[in-house]
Amino acid sequence: MSSAGAAQVTTDRVRVRAPGKVNLSLRVGRPRADGYHPLSTVFQAVSVYEEVVATAADDLTLTAQGPGAEQVPLDDTNLAVRAARALARYAGVEDGVHLHLVKGVPVAGGMAGGSADAAATLVACDELWGTGLAREELTSLAATLGADVPFALLGHTAVGTGRGDLLTPAMSRGEFCWAFAVQDEGLSTPAVFGAFDALHGYQPQPSGGAPVERDDEVDLMHALRAGDPVALGAALHNDLEPAAVTLAPRLSRPLAVAREAGALGVVLSGSGPTVAALARSPQHA
Ligand code: ATP
């Protein structure tokens, strides 16, 4: 499964998985006055999953397990809790839910694990509470929770514009094999965007926010349609990589190691610090 979907349902328990993602390309424009950066990105869902188990309850409670679970906030700031509250508010539900997160995606790794939790929670609570929202309604709610949440709901491969939340599905054939270099310490997304602005001398201003050119993705789209990993490796791109390396110079090492190991392409995933290396085969990965 490469989008958020109900995997298992009993009367008072729903289990949903949602995938993490890698940005095959991430292009970032000048910030607007409010600090918003326009993006043009190509997302691909990867077979690294978050699982959410939603159980009927009187209150709204949360637990988490899995690698990095101790770094995940269990209060109202958790994206899964925010998703459940947003759905309850929208649909006028007064029931509670206990959410249990099984983390599979690295925390604060640039692979949108929290966003996957939010997407899976929307699907799970919609099922548990019997609210039966249309896909478009769930997608609109997802966009209010974070720029990467609509993609976690959609999955597969898609072009994202705006904040990355305006999605157009893209065709991708075959299977690509990735190796992910996960870091012990996460990187804050706002800090990476701040370093990006500093490197480019960008100041938030009213003339910023213009859409980012998308013509550059012709080779990438062609590689995806052809299922050609060599061409895909050559087309990987992330405007945020120099900024992330400035903040975390240790990232130069996995980037270099992956290149030396003959990766077809190496790219920072999102705002990092996970480094994604495209391999020739599962064995090579
Ligand atoms: P993105 O790629 O969307 O920027 P990310 O993958 O880098 O996100 P996440 O793992 O989604 O990062 O989490 C980033 C921060 O958000 C964490 O450091 C944590 O404080 C907070 N957070 C809120 N909800 C969650 C959640 N359900 N899982 C993980 N982190 C969460």
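Biologist: How do the residues lining the second largest pocket divide into nonpolar, polar and charged?
Modeller: Nine are nonpolar, seven polar and one charged. Ala, Val, Leu, Ile, Met, Phe, Trp, Tyr, Cys and Pro count as nonpolar, Asp, Glu, Lys and Arg as charged, and the others, Gly among them, as polar. This is a predicted model, where local features need pLDDT of at least 70, side-chain atom pairs count only at pLDDT 80 or more, and totals for chains, interfaces and linings use all residues. Residues are numbered from 1 along each chain as its sequence is written, and side-chain values use heavy atoms, with hydrogens and water left out.

Biologist: What counts as a pocket?
Modeller: On a 1 Å grid over the protein atoms alone, a pocket is an open set of points where a 1.4 Å probe fits, with protein on both sides within 12 Å along at least five of seven lines; lining residues have an atom within 4 Å of a point.

Biologist: Which residues lie nearest the centre of the second largest pocket?
Modeller: A45, V46, S47, E175 and F176, out of 17 lining residues.

Biologist: And the largest pocket, which residues are nearest its centre?
Modeller: L79, S115, D148, T189 and S271, with 41 residues in the lining. That lining has 18 nonpolar, 17 polar and six charged residues.

Biologist: Where does the largest pocket lie, and why?
Modeller: It lies between domain 1 (8-169) and domain 2 (177-279), because both give residues to its lining. The domain bounds come from an automatic or database domain assignment.

Biologist: Back to the second largest pocket: how many residues does each domain give to its lining?
Modeller: At least three from each of domain 1 and domain 2.
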